[in-house]
Amino acid sequence: MDSLLDISKTIATEIFTGKEHPRDVLPDIKEFIMKLGASLSVDKFDNPAPGVWIARSAKVADNASISGPCIIDENCEVRHCAYIRGSAIIGKGAVVGNSTEIKNSILFDGVQVPHFNYVGDSVLGYKAHFGAGVITANVRSDKANVCEGFRKLGAIVGDYAEIGCNSVLCPGAIVGKNSIVYPLSRVRGSVPENSIFKAQDDIVRR
């Protein structure tokens with residue numbers, strides 16, 4: 001866990017405690033949000049709809065669509081036509097941009113998914129950044145389980161990772177901390193930390 005994510009950089013630190021792998025938190029996000037949301041300070045968070053908590057310091061576009069359960073932490077920016085489908089935690093200072101869709105995922109503090117992104121059943125680490133059009137595919141084409149116990153599983157993206165424009169992270173992909181994925185890539189399996197992914201058979205150390 002520590003080699004991928006600094007779990008102190010999220011309001012959801014507690015959900016990771018005792019978990020062997022980051023993906024293990026995904027089935028628990030909904031229940032965790034409801035428990036955590038009820039404990040949030042009314043001085044810092046509004047509760048505009050059942051199961052939805054939005055920090056008063058966050059900037060949320062009027063035409064963004066937000067469904068609960070969801071927590072949008074302090075100083076976030078949720079932009080024009082963003083679509084947060086529920087079971088989502090958006091970290092401090094994160095950006096969810098134009099036509100970006102988030103579902104059953106945790107975005108750590110400082111994450112940027114600013115343009116035409118899909119993030120489903122995924123965990124994005126501290127200050128991870130998606131270029132325009134990056135997609136986390138979360139269902140296999142043959143509809144088989146991605147791994148044991150997970151029919152839907154997107155990507156686990158480590159702290160400070162940079163994913164280039166119009167790339168696809170295949171179901172269950174793992175991108176290590178401080179790694180870079182070239183634009184127009186298709187990532188399957190794992191990318192080691194501190195690496196540059198140029199192609200599936202061309203991964204070099206930074």
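**Talking through the loops, pairs and bridges**

Q: Where is proline 69 found?
A: Proline 69 sits in the loop between β4 (65-66) and β5 (70-72). The strand labels are DSSP runs of E with at least two residues, while helices are runs of H or I with at least four, and both are numbered from the N terminus.

Q: Before we go on, what kind of model is this, and how are residues numbered?
A: It is a predicted model, in which local features need pLDDT of at least 70 and side-chain atom pairs count only at pLDDT 80 or more, whereas totals for chains, interfaces and linings use all residues. Residues are numbered from 1 along each chain as its sequence is written, and side-chain values use heavy atoms, with hydrogens and water left out.

Q: Back to proline 69, is the peptide bond from glycine 68 cis or trans?
A: The bond that runs from glycine 68 to proline 69 is cis, and its omega is near -5 degrees.

Q: What is the phi of serine 99?
A: Serine 99 has a positive phi of about 60 degrees, although it is not a glycine. Serine 99 belongs to the loop between β9 (95-98) and β10 (101-103).

Q: And how exposed is serine 99?
A: Serine 99 is partly exposed, with a relative accessible area of 36%. On this scale, which uses a 1.4 Å probe and protein chains only, buried means under 20% relative accessible area, exposed means over 50%, and partly exposed lies in between.

Q: OK, new topic: how many salt bridges are there?
A: The count comes to nine salt bridges, where a salt bridge is a side-chain nitrogen of Lys or Arg within 4 Å of a carboxyl oxygen of Asp or Glu.

Q: Which residue does arginine 56 bridge to?
A: Arginine 56 forms a salt bridge with aspartate 46, and their closest N and O atoms are 3.1 Å apart. Arginine 56 lies in the loop between β2 (52-55) and β3 (59-60) and aspartate 46 in strand β1 (residues 45-49), so the pair ties together parts that are ten residues apart in sequence. Aspartate 46 is partly exposed, at 34% relative accessible area.

Q: What about aspartate 73, which lysine does its side chain meet?
A: Aspartate 73 meets lysine 92 in a salt bridge, at 3.0 Å from N to O. This pair links distant parts of the chain, with aspartate 73 in the loop between β5 and β6 (77-78) and lysine 92 in the loop between β8 (88-90) and β9, 19 residues apart.

Q: Is aspartate 73 buried or exposed?
A: Aspartate 73 counts as buried, at 0% relative accessibility, whereas lysine 92 is partly exposed at 35%.

Q: How many aromatic pairs does a search find?
A: A search of the whole structure finds two aromatic pairs. Rings of Phe, Tyr and Trp (its six-membered ring) pair if their centres lie within 6.5 Å, and planes under 30 degrees apart count as stacked, over 60 as edge-to-face and the rest as tilted.

Q: Which phenylalanines form a pair?
A: Phenylalanine 16 and phenylalanine 108 do, and their pair is edge-to-face, with 5.5 Å centre to centre and 70 degrees between the planes. Phenylalanine 16 is in helix α1 (residues 13-16) and phenylalanine 108 is in the loop between β11 (105-107) and β12 (112-115), 92 residues apart. Phenylalanine 16 is buried at 2% relative accessibility, and phenylalanine 108 is buried at 0%.

Q: And which tyrosines form a pair?
A: Tyrosine 126 and tyrosine 160 form an edge-to-face pair, with 5.4 Å centre to centre and 80 degrees between the planes. Tyrosine 126 lies in the loop between β14 (123-124) and β15 (129-130) and tyrosine 160 in the loop between β17 and β18, so the pair ties together parts that are 34 residues apart in sequence. Tyrosine 160 also has a positive phi, of about 65 degrees, although it is not a glycine.
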